[in-house]
Amino acid sequence: YRIGDCKIILFITSLFKYKSKGEYYLVELAKRLDKYPNIKIMAVGIDKNSNILWQNIIPVTYLKDQKMLAQYYSMADLTIILSQRETFSMVCAESLACGTPVVGFKAGAPEQIAIKEYSEFVNYGDLDALESTVLKWLSLKKEAGHKISMEAKKIYSKENMYSNYLKLYKAFYNYI
């Protein structure tokens, strides 16, 4: 991709054609960040022939390979989530597990499951707040990438998730 020493913001979706995933805000953010030639946005899940791209957006078609996806997360300096609504938010968990901080809009789940020290979410649609938050967080990965990954692996491990689900089911069962 010939990105050199650019800062990379990662945006991942499999449903880019839907407005609820944030394509409008992705382009608007790209326009605002265009004044920083050392910042690029890699958008995974976008058709390279899409007519909604901006010059600092690097389109990457949909990835099926989990290892390749992990490489993108690991390469990025920051992951952004621009959805209007999310359930668990695998993008958030996967990004943090790869040591990459997360910034985005409050969408329900991401701000609930994210590691607070390594993520920040702003009100949906607030482009001013999003832009300043993105710029603030772009350099954190160099300082804390390994710490982010280790913390996320503890929180999102299958053993921990299993234990939490079991507690939830038991609490629900006792409630009935």
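Guide: Let's start with E131, which forms a salt bridge with R32, their closest N and O atoms lying 3.1 Å apart. By salt bridge I mean a side-chain nitrogen of Lys or Arg within 4 Å of a carboxyl oxygen of Asp or Glu. Because E131 belongs to helix α5 and R32 to helix α1, this pair ties together parts that are 99 residues apart in sequence. Helices here are DSSP runs of H or I with at least four residues, numbered from the N terminus. The model is a predicted one, so local features need pLDDT of at least 70 and side-chain atom pairs count only at pLDDT 80 or more, while totals for chains, interfaces and linings use all residues. Residues are numbered from 1 along each chain as its sequence is written, and side-chain values use heavy atoms, with hydrogens and water left out.

How covered are the two partners? E131 counts as buried because its relative accessibility is 11%, whereas R32, at 26%, counts as partly exposed. The cut-offs are under 20% relative accessible area for buried, over 50% for exposed, and partly exposed in between, with a 1.4 Å probe and protein chains only.

R32 also forms a salt bridge with D128, and there the closest N and O atoms are 2.7 Å apart. This second pair again links distant parts of the chain, with R32 in helix α1 and D128 in helix α5 (residues 127-137), 96 residues apart. D128 has a relative accessibility of 52%, so it counts as exposed. Seen together, R32, K35, D128 and E131 are linked in a network of salt bridges.

E28 forms a salt bridge with K31, with 3.3 Å between the closest N and O atoms. Both residues sit in helix α1 (residues 23-33), three residues apart, which is about one turn of the helix. K31 is partly exposed, having a relative accessible area of 37%.

To put these pairs in context, a search of the whole structure finds six salt bridges. The ones to look at on your screen include E131 with R32, R32 with D128, and E28 with K31.

Key
Helix = DSSP H or I, 4+ residues; strand = E, 2+ residues; numbered from the N terminus.
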